[in-house]
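Please keep the sequence and the structure in view while reading.

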Amino acid sequence: MTICEPTLLNLIDDSVLGALHGRSMLLTDQWRREEIETLCSVAAMLEGLDRRGKVPPLLRGELHYGLFFDNSTRTKSSWAGASVRLGATPMVVDGSSTQVAHGETAEETGAMLGMNAHALGIRHDLILGEGNRFMRGVKEGIESYLRERGDDRVVPIVNLQCDIDHPTQTLADLCWLRERFPDGLAGKTIAVSWAYSPSYAKPLSVPQGLITLLTRFGMNVRLAHPRGYELMPQCTDSAAAHAAESGGSFAIMNDMTEAFADADVVYPKSWGPFDLMLERRHEPQRMQAIEAAALARNLEHKQWICDEGLMSRTRGGNALYMHCLPADVGAEVSAKVMERARFSVAREANKKLYVIMALLAVAKVRRLRQALENA
Ligand code: CP
């Protein structure tokens, strides 16, 4: 064991672990703060064990099915890597190749996948109002099938990015922040800012997930975007409520420079204009035209780039730069800023592997604390 593993084990509370058995992760907002903290401790524990090649095959013989209705590099490979490290077999499928494309419902799909698989990861992030609803339907389909069969297996669902949240990303970000700021996050200021992108209209789920999660830990969260790039009201409302409860703060501004002033952490990334992202749902036959309109709108805000000048305004000119990747270098962030942060953002990305391992382990392994203790 490394020096910090016994400490991590002490942070893993059996009663909290008990409440997580069988639990899906659809939105971080549905988990209590101590459950999230326990998850982060399990992820850190698993990371330490993995570095030493000592992860026990806790889920041997299982099938972990990953269903992706959108592109992915990091999350797809993290799902597969997490599953293999736990002794299971991952299978990753393009959602458009399933019968969902022919009208099979979320509930039917859930029942069919749940009868075979032991855990299910889903990415469905393109249409506001659809992704998380699909995941809830799949969960209902799995659970009602298992209930009717009298089958006591648990088949947790892991949200691998939806229209509302990107929990494995934001939890990975939280783990990275906890590592970088071991004295705690309370009182630290993070700027979650829109940034220009010419490549595609990106989902709203990362900034929404960040503001709803990080306000729970006493951080001062500044959300900055041009007018027209608002986030879902349920997420900004939730962030404001969490900040009031945790002793942090939540502010929305339309100025990137103001958001960066004396910030400890900056997270500049692009997302699509709110009205056009909503139009995707109401007029799906116009996807290409909507995408072109979104990129034209983005172009009006080319000056929203994280460059050396903006970074110099942060605390000590040296804020932690974060990005979920892939970043549009030369648009969202200057080449120099990205070059300096290249290793740091790779380490941030690597945390997702351990977050997914932790989500699978806490949902599926009874007596997890003892299993980790004996590893
Ligand atoms: N950040 C992130 O979710 O990356 P992928 O889209 O490559 O999975």
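The model is predicted: local features need pLDDT of at least 70, side-chain atom pairs count only at pLDDT 80 or more, and totals for chains, interfaces and linings use all residues. Residues are numbered from 1 along each chain as its sequence is written, and side-chain values use heavy atoms, with hydrogens and water left out.

The domain assignment, which is automatic or taken from a database, divides the protein chain into domain 1 (5-165 + 353-373) and domain 2 (169-350). Their C-alpha centres are 25 Å apart. To the contact (heavy atoms within 4.5 Å), domain 1 contributes 29 residues and domain 2 contributes 32 residues.

The size of an interface is often given as the accessible area lost when the parts come together. Here domain 1 and domain 2 bury about 2,500 Å² between them, with 56% of it on carbon and sulfur atoms; buried area is the accessible area (1.4 Å probe) that two parts lose on being put together, summed over both. Arg74, Leu128 and Ile164 supply 25% of the area that domain 1 buries against domain 2, more than any other three residues.

The whole structure, however, holds 22 salt bridges. One of them joins Arg297 to Asp275, with the closest N and O atoms 3.1 Å apart. Because Arg297 lies in helix α12 (residues 287-299) and Asp275 in helix α11 (residues 274-282), the pair ties together parts that are 22 residues apart in sequence. Helices (H or I, at least four residues) and strands (E, at least two) are DSSP runs, numbered from the N terminus.

Aromatic rings also form pairs, and the structure holds 3 of them. The rings of Phe69 and Phe134 have centres 5.3 Å apart and planes at 75°, so this pair is edge-to-face. Rings of Phe, Tyr and Trp (its six-membered ring) pair if their centres lie within 6.5 Å; planes under 30 degrees apart count as stacked, over 60 as edge-to-face and the rest as tilted.

How values were computed: Salt bridge = Lys/Arg side-chain N within 4 Å of Asp/Glu carboxyl O.
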